[in-house]
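Here is a short report on one protein model.

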Amino acid sequence: MNRFAELLDRLVLTPSRNGKLTLLTDYFRSVEDPDRGLALAAITGDLTIASVKPAMLRALVEERMDPVLFSYSYDYVGDLAETVSLVWPEPDTSPAPDRRPTLADVVSALQSASRSDGPRVLARLLDNAGTSERFAIIKLVTGGLRIGVSARLAKQALAQFGKVDVAEIEELWHGLEPPYTALFAWLEGKAPKPEKAAKGLFRPVMLAHAIEDSDLEKLDPADYAVEWKWDGIRVQAVAEGGVIRLYSRTGDDIAGAFPDLAEAIDFEAVLDGELLVGTPSATGTFSDLQQRLNRKTVSPKLRERYPAFMRCYDILQHGEEDLRALPFAERRARLEAFIREPDPARFDLSPFVSFRDWAELERTRAAPPHPIIEGVMLKRWDSPYLAGRPKGPWFKWKRDPHTIDAVLMYAQRGHGKRSSFYSDYTFGVWTGPEGEEELVPVGKAYFGFTDEELRQIDKYVRDNTTERFGPVRSVRADRKNGLVLEVAFEGLARSTRHKSGVAMRFPRISRLRWDKPAAEADRLETLQALLD
C-alpha cells in the first residue's frame, strides 16, 4: 500500500506530463500483480468500492475531532482526502514492514465489506496507516483521485511500458477487467496479446487539430472535404454480434442515458458521429442535450421531450469488415449507402459544406445556417481513420467565441494545487432601469488566466471581501467598485434555473480589465440579444 501512496504523492507534485508518464511506467515495472493492476483501475476510474461514501467519511472524522475545527481545516486545505489524512489520530505504534497491508489487501477488505460494515472497516484501515497511506485509502473510497492523470494518460503509460501503440490497448480495454494480469503479461512479453473475445468493443476515435492561419496557406482546398461541426457530444454507435454499445469519445458506455437511440441500433456496424437531441429537422441546443447527460435512467417524459438522434460522420466497420484503413472518400461513399438502412429519425448524415476557396469558407464558417454549429471540420479525402490526433489529415476551424465584460461577484477556493487560492469566479452583468441597476450572475469560470493573474485576482478578492460563506467570498461589486473580467464563451442557452435566464457554454476568463470601470460592464440585454 505504501508504494501506491508514494505514487499518488509524487503524481500530485509532478506537473509535467512526461514526468507523470515516467512515474507510472516505473511503478508498473517495479510493482507486482495484482497491486499494479488495481492501481491502474483506480487511476482509470474502473475500481468500484460501494461500501463507503464521502458522507460516511466525514461522520467518522467528526467522531474523532471537533466538527467545527474540522470544517475550518477542510476550508483551509480544500481537499477532503488530504484534510482527513492530516487530522486523523496517529496510530500508537506503526506496523512492522512485513505486516503492512498491500493495495490488494485494502481493496479486498473494502470491497467485501457490507454497507453497514464499511465505516468500521475503513476506520480500522485508517487507524493502522500513516498520513500518506491514509490519503491513498481515502482517495480509493471517494473515487476522485485528482492527481492530474487521465485514463488516456494511464493507457499511454501502459503503451510506453510495453512498447506498443496506445491504440492497441484502447481497443482491448473494454474486454479486460481489473487487475489486468493478462494485459501486463502481454506487455512484459510473457504471454500473447489478449484476444478481442468480447464483442462491441470501443474503437479509439480520430481527432482533429485546431487550424491556424499559417496552415491554410499550405493546404489545397481540393484535397479536403468540409463538414459542419455540430455542438453535441462525439459518440460511437457499435453493434457487433448482438452486443449494442453507445460510447462517448473517452470510451464510456452511455447507452443507459439514451435508450431510445440504443434501441434503434438494429444493424451490424460501427458508426462515428455526433449525439444531438430533437429531430434531424429541428435540432435542440446543447443545453437541451444536458438534460439527458450523466443520467442512469431516463423517464418516458424526458425521452419524449428531448429525443436523441445521431448525426453520422463516418463508418468504421460494416459487418465483419474493418473500414478504417480505407480513404475517407471511400468510407464516406459506404456511409452514404449504409445510412438508408437505420431509422431516419434516429440516424442521419452530416452534410458537406460547399466552397471554392478558403476565403469563401471563412465567410461561411462565420455565419453558419444553424445556431448549434460550432464551426467546420476539414478532412483530407485520402485520410484513413487513425486513432489519436495526427497532424494533417483532419482540422477543426471553430467559430470565434463571443465575449462580454462582466463584474466579479463571488470567489471560491480551488482544489488540489489551488486550494490556497480563490480561483473559481462567479461573474455578473448589469440589469434594471437607470439609477436602479443591480448585478445578476450569468456564469462561473475557473480557467483562462495565468498563474500570475491568479495571484493578482486572489489578492483582489482578499482585499475586497464583503461577506464570507464557508469557502466562498462575496466581493465588493457596485457601480463605483469592482473588477471587470472579459469572459469568452462558445454559446448561450435559455435557462429557468438561473436568475438571469441564461446559461453560458464553456465560459472562461480571456482578459482582466483592470482599466475598465465596473459601471461600464455589459448589461443582461446584450446576452438576451444574442439569444434572440
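Which side chains meet in a salt bridge at 2.8 Å, N to O? They are R292 and D260. A salt bridge here is a side-chain nitrogen of Lys or Arg within 4 Å of a carboxyl oxygen of Asp or Glu. R292 sits in the loop between α15 (286-290) and α16 (300-305), while D260 belongs to helix α14 (residues 259-263), so the pair ties together parts that are 32 residues apart in sequence. Both R292 and D260 are buried. Buried means under 20% relative accessible area, exposed means over 50%, and partly exposed lies in between (1.4 Å probe, protein chains only).

This is a predicted model: local features need pLDDT of at least 70, side-chain atom pairs count only at pLDDT 80 or more, and totals for chains, interfaces and linings use all residues. Residues are numbered from 1 along each chain as its sequence is written, and side-chain values use heavy atoms, with hydrogens and water left out.

**Salt bridges**

Side chains of opposite charge can pair when their charged atoms come close. The structure holds 40 salt bridges. Two of them lie within helices. Helices are DSSP runs (H or I, at least four residues) and strands are E runs of at least two, numbered from the N terminus. D26 and R29 are both in helix α2 (residues 17-30), three residues apart, about one turn of the helix. K459 and D463 are four residues apart in helix α19 (residues 451-463), so about one helical turn separates them.

| Salt bridge | N to O distance |
|---|---|
| R292 and D260 | 2.8 Å |
| D26 and R29 | 3.2 Å |
| K459 and D463 | 2.7 Å |

D26 is partly exposed at 39% relative accessibility. R29 is partly exposed too, at 48%. K459 counts as exposed, with 53%, and D463 as partly exposed, with 49%. Elsewhere, salt bridges link D33, R36, E188 and K190 in a network.

Strands of a sheet pair through backbone hydrogen bonds, either parallel or antiparallel. In this model, four strands form an open sheet in the order β1-β11-β10-β2, with mixed pairing. Its edge strands, β1 (209-210) and β2 (224-230), each pair on one side only. Two strands count as paired if DSSP finds at least two bridges between them. β2 and β10 (residues 373-380) are antiparallel and share seven bridges.

Helix α17 (residues 328-338) lies across β2, β10 and β11 (394-398). The helix runs at about 55 degrees to β2. Axes are lines fitted to C-alpha atoms, for helices over the stretch in contact, and angles run from 0 to 180 degrees between N-to-C directions.

**A buried aspartate**

D272 is in strand β5 (residues 269-279). D272 is buried, with a relative accessible area of 1%. Beyond its neighbours within four places in sequence, D272 contacts R234, V235, M310, C312, Y313, D314, L316 and Y385. Contact means heavy atoms within 4.5 Å.

**Nonpolar cores**

A nonpolar core is a set of buried Ala, Val, Leu, Ile, Met, Phe, Trp, Tyr and Cys residues joined through side-chain atoms within 4.5 Å. The largest has 69 residues. F4, F28, L103, L110, L122, L140 and L158 touch the most other members. Residues up to four places away in sequence aside, L110 touches I49, S51, V52, V121, L122, L125 and V141. Another core, of 33 residues, lies apart from it and includes A257, F258, Y306 and L323.
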